[in-house]
Amino acid sequence: MGKEDLMICNVSKVDRVTRVLLAIVCIGAALYFVPTAVPKTLLLTAAILLLTSAWFGVCYLYRILGVSTAKP
């Protein structure tokens with residue numbers, strides 16, 4: 001598997017928007033509702049991962065599972 005194989009878009013536009021909205025919810029929850037550091041860090045990490053996969057259109061978990069929501 002070459003480098004070009006890893007960057008094939010496997011996330012649809014609807015999936016990207018959903019990931020961005022979920023990231024916003026995670027950030028809001030972390031900043032306003034979670035008082036302790038560990039859950040706050042986990043929520044912010046999840047938000048970063050969601051935003052990264054939405055930005056690049058590549059979800060490595062989808063790749064591992066062999067799933068793609070993008071149109072062929």
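Which residues are exposed on the other side of H2? The answer is given below, after an outline of the chain, which is a predicted model.

## Overall fold

The chain holds 4 helices and 0 strands. Its pattern along the sequence is α-α-α-α. The chain is more spread out than a compact globule, because its radius of gyration is 14 Å, well over the 11 Å that the globule rule gives for 72 residues. Along the principal axes, the C-alpha atoms fill a box of roughly 40 × 25 × 20 Å.

## Surface and contacts

Of the 72 residues in the chain, 25% are buried. The accessible surface is about 5400 Å², and carbon and sulfur atoms account for 75% of that area.

Contacts can also be sorted by separation in sequence. Taking those between residues at least 6 apart, 78% join residues at least 24 apart.

## Helix H2

Helix H2 runs over residues 13-32, which is 20 residues. From its first C-alpha to its last, H2 reaches 29 Å, close to the 28 Å expected at 1.5 Å a residue.

The buried residues of H2 are Asp15, Arg19, Ala23, Cys26 and Ala30. They lie on the same side of H2, because they cover an arc of only 80° around the axis. Their cover includes helix H3 (37-56) and helix H4 (60-65).

The opening question concerns the other side of H2, where the exposed residues are Lys13, Val14, Leu21, Ile24, Val25, Leu31 and Tyr32. Here, exposed means over 50% relative accessible area, and buried means under 20%.

Key:
Residues are numbered from 1 along each chain as its sequence is written. This is a predicted model: local features need pLDDT of at least 70, side-chain atom pairs count only at pLDDT 80 or more; totals for chains, interfaces and linings use all residues. Side-chain values use heavy atoms; hydrogens and water are left out. Helices (H or I, at least four residues) and strands (E, at least two) are DSSP runs, numbered from the N terminus. The radius of gyration is taken over C-alpha atoms; the globule rule is 2.2 Å times the number of residues to the power 0.38. Buried means under 20% relative accessible area, exposed over 50%, partly exposed in between (1.4 Å probe, protein chains only). Contact means heavy atoms within 4.5 Å. Accessible areas come from the Shrake-Rupley method with a 1.4 Å probe; for residues, only the protein chains shown count as cover. The expected span of a helix is 1.5 Å times one less than its number of residues. The arc is that of the directions from the helix axis to the C-beta atoms.
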